[in-house]
Structure formats: structure tokens, C-alpha cells
Amino acid sequence: MDERWTTVTLAADAAMPHDEALRWIVARAGAGVERLRIIGADHALEGRTPVADQLAQAARTALPGVAVEVHRHAGPFAAALVEESDGGDLLVIGSFHHRRGSTAGGDPARVAERAAVPTVVVPEGPHPIDGDVVLAVEDPIDERAVSIAVDEAVRRNRRLTLLRAWEMPVLTRTGLTDFAEDPLRWRTSNAELLQRVTSVLTARYPSLRLRPLLVEGHPGHAIASHTRRASLVVLGRGHVRALSGSLLHDVVRETAAPVCVVPPAAHQDSRAATATETAGGISRRGRGSRRPSARSGT
């Protein structure tokens with residue numbers, strides 16, 4: 001486990017609820033946060049409401065030992081967040097329940113799936129009971145997502161629920177689904193996957209409390225329905241990619257608890273592929289490197 005997020009990037013624009021996102025960060029102040037980068041819209045776009053400056057002032061009051069800085073961007077705000085995401089270890093954005101509007105200037109899931117680092121989407125409050133950490137189980141297992149979920153469960157002394165959500169496919173390789181046979185086969189296959197992952201994590205983390213949970217239903221809705229008693233939900237890259245991101249959008253739109261999304265770019269193998277592309281003439285910034293914002297200030 002090595003998920004120490006020392007530099008956190010926080011979205012701020014005229015849309016709410018960035019205050020909920022800040023409260024989530026403040027709750028993690030003892031977990032090693034040293035620097036907070038607030039990304040705001042350009043003054044010309046904010047009008048008379050300098051949201052980023054107000055949020056920075058609130059952050060400095062709530063996090064006296066943390067360095068707080070403001071970076072401003074002109075142009076599409078969602079694109080700015082993706083661009084700025086690799087300047088830190090974690091991106092945090094706020095989101096409204098059942099609405100597309102958010103501090104991402106649009107659908108937060110679109111930012112989360114393209115960011116360079118893990119992204120936490122914090123829904124507007126009040127939040128539900130601060131319960132289990134929920135890890136959505138996928139095949140193959142996403143080790144980065146496991147690391148984040150285990151670290152959070154240990155840090156907060158919470159149980160880790162291993163949730164495998166599945167549904168029958170509409171078609172099989174042989175044609176229409178045989179409802180007399182296939183449901184049992186698919187359920188058994190998913191149950192075996194869940195048991196396999198549970199056994200691996202039990203052996204790896206013997207002191208961690210684990211609860212395997214198999215749920216039949218649309219995966220996005222099923223995962224979201226189990227957020228009402230969760231402290232954090234963690235989705236790995238398999239769930240980010242599933243059905244062109246529709247599962248991710250369903251979870252983020254319906255969740256009652258903060259959701260940590262681990263996008264493909266947040267993995268070492270993806271970064272290695274990026275480095276290869278860069279060597280071949282396709283340029284992309286690596287983690288921690290930053291191009292200057294349109295305007296920035298502290």
C-alpha cells in the first residue's frame with residue numbers, strides 16, 4: 001500500500017458543490033496532504049464571483065499546514081482539469097446528484113476517465129452513513145484500485161466490501177441466450193471470480209476485514225445502489241472502460257458516497273506506453289510535469 005496523496009488538485013468554478021469536495025479533502029488532512037492546487041476559471045469568465053479565491057481562503061483556514069495555490073484557466077473548464085490533473089497525485093471534483101452539472105463544467109465522469117491520476121468525485125451532501133469502503137471487483141483485478149481501496153479501509157479502520165455486480169448478456173456466441181442454462185453458468189462464473197479475488201486479498205491482507213458481495217443487475221445501478229452505506233467507492237480501469245464508460249457515468253450520477261475513479265492513465269503500464277509513444281514522436285506530459293496555466297496566482 002502506497003497511496004499517499006501529498007498534492008491534491010481541486011476543481012472550483014461558479015457551479016456548486018466545491019465546498020463538499022473541500023470538506024472531503026479536509027477530512028484527509030492527517031493522511032499526508034501537503035499541497036492543494038485549486039483550478040479555477042479565468043477572472044474574465046468568473047465575473048464578480050471569484051470562486052477560486054473564496055475557495056482558497058476557506059482552504060487556508062481549514063488546512064493551516066497545507067500550501068494552497070490557485071491556477072486559472074480560460075477556455076473549457078473540463079479540458080483544463082484534465083490538463084492540470086498530472087500536476088498532483090489526486091484530482092477532486094464536486095458533483096450534483098442525478099445531474100450533469102458539476103464543478104467540472106459538465107459531466108464529471110468524462111473528466112475522471114481522461115485524467116492522469118486517480119479522481120475522486122464527491123456528490124453534494126448530506127452524505128450517507130460513513131460505512132464500508134467498496135471495491136468494485138473486475139477481471140482482471142486492477143492492482144492500483146485494490147491499493148487505494150485497501151489503504152482507505154486501513155486508514156479509516158473500515159471493512160472492505162468486495163462487490164461483484166453482473167448481469168446476463170443479451171446475446172451469447174451461440175445466438176440468443178438460453179434462459180434455462182446460461183443464468184446459472186454466468187452466476188457461477190461471477191461467483192468464482194469473486195471468491196478468487198477474496199482469497200487473494202485475504203492471503204495478502206490477513207488483518208483486513210473483507211466482505212464479498214455478489215449482486216445481479218445492471219452493474220452501474222447495482223454499484224450505485226450500494227453506496228448509501230459506503231465511505232468510498234473505488235472503480236478500476238476495467239469499470240472505466242466498460243461499455244464505453246456508461247457504467248462509470250451511471251455510478252457517478254447516482255452515487256450517494258464519494259467515488260474514486262482509477263483511469264487507464266493512472267497505471268504504470270499506461271505510462272510506459274505513453275513514454276514509448278512520446279519517443280516515437282507522439283507527445284504527452286508525464287506525471288508531475290505541468291505546462292503553465294493561462295493565468296495563475298497564489
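**Exercise 1.** Is arginine 72 buried or exposed?

*Solution.* The model is a predicted one.
Step 1. The relative accessible area of arginine 72 is 7%.
Step 2. A residue under 20% relative accessible area counts as buried, so arginine 72 is buried.
Step 3. The side chain of arginine 72 meets that of aspartate 53 in a salt bridge, with 2.3 Å from N to O.
Step 4. This pair links distant parts of the chain, since aspartate 53 belongs to helix H3 (residues 51-62) and arginine 72 to strand S3, 19 residues apart.
Step 5. Aspartate 53 has a relative accessible area of 31% and is therefore partly exposed.

**Exercise 2.** Determine which parts of the chain are tied together by the salt bridge between arginine 37 and glutamate 69.

*Solution.* 
Step 1. The closest N and O atoms of arginine 37 and glutamate 69 are 3.9 Å apart.
Step 2. Arginine 37 and glutamate 69 are both buried.

**Exercise 3.** Explain how arginine 23 and glutamate 20 are placed in helix H1.

*Solution.* 
Step 1. Their side chains meet in a salt bridge, at 3.2 Å from N to O.
Step 2. The two residues are 3 residues apart in helix H1 (residues 18-27), and therefore about one helical turn separates them.
Step 3. Glutamate 20 has 15% relative accessibility and so counts as buried. Arginine 23, with a relative accessible area of 49%, is partly exposed.
Step 4. For the structure, the count of salt bridges comes to 14. A network of salt bridges links Arg28, Glu152, Arg155 and Arg156.

**Exercise 4.** Describe the largest nonpolar core and the surroundings of leucine 160.

*Solution.* 
Step 1. In soluble globular proteins, nonpolar side chains tend to be buried together.
Step 2. The largest nonpolar core has 46 residues; Leu10, Trp24, Leu36, Ile38, Val92, Leu160 and Val234 touch the most other members. Helix H6 gives the most to this core, with 6 residues.
Step 3. With neighbours within four places in sequence left aside, the contacts of leucine 160 include Val133, Leu135, Ala149, Val150 and Leu208.
Step 4. A second, separate core has 31 residues, among them Ala11, Val215, Leu247 and Ala257.

**Exercise 5.** How many cavities of 30 Å³ or more does a search of the whole structure find?

*Solution.* 
Step 1. Rolling a probe the size of a water molecule over the atoms shows where empty space is left.
Step 2. The search finds 1 cavity of 30 Å³ or more. About 50 Å³ of space lies in the largest cavity.
Step 3. Residues lining the largest cavity include Leu135, Glu138, Asp142 and Val197. Strand S6 (132-136) and helix H6 (143-155) each supply at least two residues of this lining.
Step 4. By type, the lining comprises 7 nonpolar, no polar and 2 charged residues.

**Exercise 6.** Where does histidine 249 lie, and which residues is it in contact with?

*Solution.* 
Step 1. Histidine 249 is part of helix H10 (residues 246-254).
Step 2. With a relative accessible area of 12%, histidine 249 is buried.
Step 3. Leaving aside neighbours within four places in sequence, histidine 249 is in contact with Asp107, Ala109, Arg110 and Glu113.

Notes:
Residues numbered from 1 in each chain as written. Predicted model: local features only at pLDDT ≥ 70, side-chain atom pairs only at ≥ 80, totals over all residues. Heavy atoms only, no water. Helix = DSSP H or I, 4+ residues; strand = E, 2+ residues; numbered from the N terminus. Buried < 20%, exposed > 50% of the residue type's maximum accessible area, 1.4 Å probe, protein only. Contact = heavy atoms within 4.5 Å. 1 Å grid on protein atoms, 1.4 Å probe; cavity = no way out; pocket = protein on both sides within 12 Å on 5 of 7 lines; lining within 4 Å. Points joined across faces, edges and corners; volume = space filled by probe spheres on them. Nonpolar A, V, L, I, M, F, W, Y, C, P; charged D, E, K, R; others polar. Core = buried A, V, L, I, M, F, W, Y, C linked by side-chain atoms within 4.5 Å. Salt bridge = Lys/Arg side-chain N within 4 Å of Asp/Glu carboxyl O.
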